Amino acid sequence: MVYQAFYRVYRPQSFTEMSGQQHVKQTLQNALLHNKTTHAYLFSGPRGTGKTSAAKIFAKALNCENGPAKEPCNECSTCLSITEGSNTDVIEFDAASNSRVEEMRDIIEKVRFAPSNARYKVYIIDEVHMLSNSAFNALLKTLEEPPEHAVFILATTEPHKLPLTIISRCQRFDFKPITAVDIVERMQMILSEASIETDQGTLKVIAQAASGGMRDALSMLDQVVSFSGDKLTVENALLVTGAIGEDIFHQLAEALLAKDAGATLSLLDQLVAEGKDVTRLAEDLITFFRDLLLLRTAPELKELLELVSDDNRFIAIAKVFEADTLYTYIDILSKTQQEMRFSNHAKVYVESALLKMIHLDNVTAQAIDPALAKKVDELERTVRELQQQLASGLAVQAATPQAVQQKKSASKSSQSFKIPSGKIQEVLKTATKQDIQTIRQEWATMMQTMQKSHAALLEESEPVAASENAFVLKFKYEIHCLMASDNPSLRSGLSEALRSRTGIAYEVLYVPEEGWLKVREDFIRKNGLSNSQRSKTADSEDEIAEGMLSFVKEAEQENVDPLVTEAEKIFGKEFLEVHED
């Protein structure tokens, strides 16, 4: 008799024999019991998780002579013929090798014929994502409204490649990777029936290498049995699967703790020389440090360990490692695993990762750049200053209502505006009548060239004194003065407009009318010397003081309207007569 592989001989023949997938089994069994089966199913999930086996078991349960039943009897002629693959009413269709629309049309044409010896015609389409778009389109209408005697079961490992129109017409079941515990339990049953001796450690190595696929696990078990004979050992399982033993992991962990780069790299070189796949090695290292982290943080969950056992030596070494260190090891290896995908020198990346792990403390100490640390300090200092300013600002805001109650007549703007008395005094000392007339002559024309919002704000203002490079602008209302002085766009626009017409970049000093009168009085009082005081001063100083006083008085008395000045400039004084309203 021809030898058959374990995964073929021990394929599940009932829902009870299926490993895992409890959510799928219970749903299908309840539908069978209550006669609520539908016309189309989609089984999706990783390879080797029982999709095709579940489809065949479901087909048997539907067509069983004692059913529809929760479990097929596997004794009647219908169940036996489906198991053998000889039943003409259960059609397995491989979409990978029959992806053309012609094959799909052939199926569709035969769907309408009634089953020959079974209750339902069941079409199991494996790897359905391999069908062409034309084949999907041909299947679409039949899949939506098949004959009452037809049931479609679509199986795929890549459901995202299926059109949404197909998925929406099916009842979908997502098969999950099978746990290592279930895989080990299934392998123990198989080896017990085959009278082959083994231990738990050997089966755990195979289950870990299978990565959740039962078919992969049974294939590897078959290979280990062929290699070992009647008794399986951990060493043989490690050799066949390419996995790494616990002893090597323990030695590697001790070398990392001892910061022994030589021993660490020697162990890596030994593993590569034995034919271990470097990519698989990086993945196993991540799982190993994950197991150590589990032993350190949740030692009671020993059943979740994947690579190592709950041996006392691993429990002891897990306690030596800091949790943060294990987190960092996993992070380093994960990044290394991503970088290895784009390189032909995978071993170099793993060596670099191990060296980073050895020098982790030094790397952490040097990771902070001095320049970056300085910037951080500056930012922290700035944050503290802002917090202090915010606190003081809140204090001022809290005090403002009280101040308003005490001084209702005082406006908020007058309290915040500061009159530049010193600068105005300096302008008055060097002010001339010619300078102020130059500005007044250009003022009206200049106002027409400015933005309307700026011109409106300056409507109640007038120049009252000017020197060679600065002039005083008086505002009738204090709030307008504050708004103009706080508006950088207006300030720059005003200076630029004057410069374009006079050729001089004037500095503008803003002052409300009340402030201007006070500054002017202070200036006259300081410079209005009495006759007795004048006799004690030089003639030149006396003349200067008298000149300044006369200018200030003239400038105040000669409050010429800018429009009148502009009209005189255009038409001449002899043709102009001014009438006051």
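Biologist: By class, what residues make up the lining of the largest pocket?
Modeller: Keep in mind that this is a predicted model. The lining has 15 nonpolar, nine polar and twelve charged residues.
Biologist: And what volume does the largest pocket have?
Modeller: About 920 Å³.
Biologist: Which lining residues are the closest to its centre?
Modeller: Those are Lys-204, Gln-208, Leu-305, Glu-306 and Leu-307, out of 36 residues that line the pocket.
Biologist: Which helix gives the most to that lining?
Modeller: Helix 9 does, with seven residues. Helix 9 covers 200–210, and it's among the helices that each supply at least two lining residues. Helix 8 (180–193), helix 11 (234–241), helix 12 (246–257) and helix 14 (278–297) do that as well.
Biologist: OK, new topic. At what angle do helix 16 and helix 17 pack?
Modeller: About 165 degrees, and their axes are 10 Å apart. Helix 16 spans residues 323–340 and helix 17 spans residues 346–358. Because of that angle, helix 16 is roughly antiparallel to helix 17.
Biologist: Is their crossing left-handed or right-handed?
Modeller: Helix 16 and helix 17 cross in a right-handed way.
Biologist: Which residues make the contact?
Modeller: Helix 16 uses Tyr-329, Ile-332, Leu-333, Thr-336, Glu-339 and Met-340. From helix 17 you get Ala-346, Tyr-349, Val-350, Ala-353, Lys-356 and Met-357.
Biologist: How many of those are nonpolar, polar or charged?
Modeller: In the contact of helix 16 with helix 17, nine residues are nonpolar, one is polar and two are charged.

Key: Residues numbered from 1 in each chain as written. Predicted model: local features only at pLDDT ≥ 70, side-chain atom pairs only at ≥ 80, totals over all residues. Heavy atoms only, no water. Axes fitted to C-alpha atoms, helices over the stretch in contact; angles between N-to-C directions. Helix = DSSP H or I, 4+ residues; strand = E, 2+ residues; numbered from the N terminus. Parallel < 35°, antiparallel > 145°, perpendicular 65-115°, else oblique. Left-handed = near helix turned anticlockwise from the far one by under 90°. Contact = heavy atoms within 4.5 Å. Nonpolar A, V, L, I, M, F, W, Y, C, P; charged D, E, K, R; others polar. 1 Å grid on protein atoms, 1.4 Å probe; cavity = no way out; pocket = protein on both sides within 12 Å on 5 of 7 lines; lining within 4 Å. Points joined across faces, edges and corners; volume = space filled by probe spheres on them.
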